[in-house]
Amino acid sequence: MLDTIAPWAGLLGLIGLAGLAGLRQPVDKGRPGGAVRLLGLLGLAGLTGFWIPGAGATGAAGALGLWNHQNPKLARWGMAGWLFVAGLPYLARHFLG
């Protein structure tokens, strides 16, 4: 079943591009949630989607860089970053055999 939904799961990684909005409008330093925003670096794991079908969904973690943003619209994109979990089964299957 994982193989049939792998292409669609990989597309979830595109949500991570929303994290680029944080470059133009960064989150205020005083806002809580800095540890979660650091998880946005996991968005780079989405590059594995080029080699592992479905693992590109981990790229959605890039949107976590917007976690608890002062702009409510950007904060919603930050919550969507948790969809990176959809790519973890593909990574686990690849590395654990």
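**Exercise 1.** Is Asp-3 buried or exposed?

*Solution.* This is a predicted model, in which local features need pLDDT of at least 70 and side-chain atom pairs count only at pLDDT 80 or more, while totals for chains, interfaces and linings use all residues. Residues are numbered from 1 along each chain as its sequence is written, and side-chain values use heavy atoms, with hydrogens and water left out. Buried means under 20% relative accessible area, exposed over 50%, and partly exposed in between, with a 1.4 Å probe and protein chains only. With a relative accessible area of 56%, Asp-3 is exposed.

**Exercise 2.** Find the salt bridge of the structure, and state which parts the pair ties together.

*Solution.* A salt bridge is a side-chain nitrogen of Lys or Arg within 4 Å of a carboxyl oxygen of Asp or Glu. A search of the whole structure finds one, and Arg-93 forms a salt bridge with Asp-3, their closest N and O atoms being 2.8 Å apart. Arg-93 lies in helix α5 (residues 88-96) and Asp-3 in helix α1 (residues 2-11), so the pair ties together parts that are 90 residues apart in sequence; helices here are DSSP runs (H or I) of at least four residues, numbered from the N terminus. Arg-93 itself is partly exposed, at 40% relative accessible area.

Methods. Helix = DSSP H or I, 4+ residues; strand = E, 2+ residues; numbered from the N terminus.
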